[in-house]
Amino acid sequence: MAEPGMESDADLAAGPDPELAATMGFSGFGKKARTFDFNALFEQTRRTAVERSRKVLEEREKKEAEKEKEPGSQCGVVNSSTALSCPVKRASSRDSSSSGSEDSSDEELIGPPLPPQGSVEDSEDELIGPPLPPGYKGGDEDEDEDDEDDNIQEEEEEDPVKKIPDSHEITLNHGTKTVSALGLDPSGARLITGGYDYDVRFWDFAGMDASLQAFRSLQPCECHQIKSLQYSSTGDAILVVSGNSQAKVLDRDGFPVMECVKGDQYIVDMANTKGHTAMLNSGCWHPKIKEEFLTCSNDGTVRTWDINNDKKHKNVFKPRSAQGKRVIPTSCTYSRDGKLIAAGCQDGSIQIWDKNMNVSGYFPPLICCENDFPIIAFQIFCLHFTGDDTLKTWDIRQFKTPLNSVGSLLSFFPMTDCCFSPDDKLLVTGTSVKKGQGNGKLLFFERETFKKVYEIDVTDA
């Protein structure tokens, strides 16, 4: 006997239990699943496709044979000019007659269209590829245009006047008194101005609206006229030189970073003091070292400073006349590599020192040029001082006489700046006029010939 709860083989063979099927929720419970032979299905499908393709091909060959037997057929005679076009004509006539039929898709030609009628020579002259864009004039003309563009570009490179950035102009109102100092951020995004009204104003070109107002104005040196403003090589610090004896360094937004120490005015030897003791005249940043800057003063010294040490100068240089007397440096600057320091002095001399040539704490002048009048510029450096309304260039290898000189550059201020263009082909300086007597100008001269090549009128102030 079978155990309770166990079904016998006879019960399973008898079929599914109706009560169990109703309980499970579907009627096919207990039936054996159907199996399929996929290989047989694929073989049957392949044979069907082969038979259908053979039938279509036979019908197509039969129709072509009947058309060839018809009199007046265009394809009865085959030549080189019409052999390729006949299948196209047959296909088009067949499409028009059998449009809407079920077999039209099978009878259409597959692939790109055949080339148009014509001889082999004509087909060689035709262009191959996608259609040409509108305005295309051919390869030869394009080469000529490219040559013309290259020639124009070479002419612009040869002509430095075309590189002067004077395409746009705006007027910024600093105040009511003379603007004596300008400084441009290395990126060209900001400008700082200083004047005889003791103010330093910050201008942001990107954030400026139509009113063209400065976003900040301050008086960093109290009641002292601003003489020089310059951004550091990285643009994150500003050197402020004013009429007092202490230069200041501000950050990019005008907040104080450093103030140079003031020296002891009762010490005779200025090399023994920690800082300047008289009014400053000029200053500039080192071109390579972003922490170092240079100042000169009426105390007869030129000093270098480190922005991280405000307690004492780094080095001190003392200009001397031919008789060994103290002379006042009115301007100072570094050479482009930062190895040399130059000062234009009140007696008209230009004196140059090597920073690495230190003899017992004293730096002897490397070159000293004596002149009757103060100098503005020379070839390696750019000094901004004028006394005889002249602009001069110098070669330190032949320092007895200037290379070139131009006069009648009128100026009513103790300092007039000048600078070289980035490619060293032009020199630019400014002139001033009395109020109501015309416009001041920016004048551009060729460095080699000192020929005036361009000028820009400034405002009538």
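Colleague: Let's start with F293: is that residue buried or exposed?
Modeller: In this predicted model, F293 has a relative accessibility of 0%, so F293 counts as buried.

Colleague: And W305, buried or exposed?
Modeller: W305 is buried as well, since its relative accessible area is 1%.

Colleague: How many aromatic pairs does the structure hold?
Modeller: There are 6 aromatic pairs in the structure. One of them brings F293 and W305 together, with ring centres 6.5 Å apart and planes at an angle of 10°, and because planes under 30 degrees apart count as stacked, this pair is stacked.

Colleague: Where do those two sit in the chain?
Modeller: F293 belongs to strand β10, which covers residues 292-297, while W305 belongs to strand β11, covering residues 302-306, and the pair therefore links distant parts of the chain, 12 residues apart.

Colleague: Which residues make up the cluster of ring pairs?
Modeller: The cluster consists of W285, F293 and W305, which are linked by ring pairs.

Colleague: Switching to charges, how many salt bridges does the count come to?
Modeller: The count comes to 15 salt bridges. Among them is the one between K441 and E455, whose closest N and O atoms are 3.2 Å apart. K441 lies in strand β21 (residues 441-446) and E455 in strand β22 (residues 452-457), so this bridge ties together parts that are 14 residues apart in sequence.

Colleague: What is the accessibility of K441, and what is that of E455?
Modeller: K441 has a relative accessible area of 28% and is partly exposed, and E455, with a relative accessible area of 31%, is partly exposed too.

Colleague: Which lysine meets E455 in a salt bridge at 3.0 Å?
Modeller: That is K452, whose side chain meets the side chain of E455 at 3.0 Å, N to O. K452 has a relative accessibility of 44% and counts as partly exposed.

Colleague: What about D199, buried or exposed?
Modeller: D199 counts as buried, with a relative accessibility of 13%, and its side chain meets that of R201 in a salt bridge with an N to O distance of 3.9 Å.

Colleague: Which residues are linked in a network of salt bridges?
Modeller: E43, R46 and R47 are linked in such a network.

Colleague: Now the surface: which residues make the nonpolar patch of about 350 Å²?
Modeller: That patch is made by F38, L41 and F42. F42 is found in helix α3, which runs over residues 38-69, and at 59% relative accessibility F42 counts as exposed.

Colleague: What share of the contacts joins residues at least 24 apart?
Modeller: Among contacts between residues at least 6 apart in sequence, 42% join residues at least 24 apart.

Note on methods: Residues numbered from 1 in each chain as written. Predicted model: local features only at pLDDT ≥ 70, side-chain atom pairs only at ≥ 80, totals over all residues. Heavy atoms only, no water. Phe/Tyr/Trp six-rings, centres within 6.5 Å; stacked < 30°, edge-to-face > 60°. Helix = DSSP H or I, 4+ residues; strand = E, 2+ residues; numbered from the N terminus. Buried < 20%, exposed > 50% of the residue type's maximum accessible area, 1.4 Å probe, protein only. Patch = residues over 30% accessible without salt bridge, like charges linked within 9 Å, V, L, I, M, F, W, Y side chains within 5 Å. Areas by Shrake-Rupley, 256 points an atom, 1.4 Å probe, with all protein chains shown as cover. Salt bridge = Lys/Arg side-chain N within 4 Å of Asp/Glu carboxyl O. Contact = heavy atoms within 4.5 Å.
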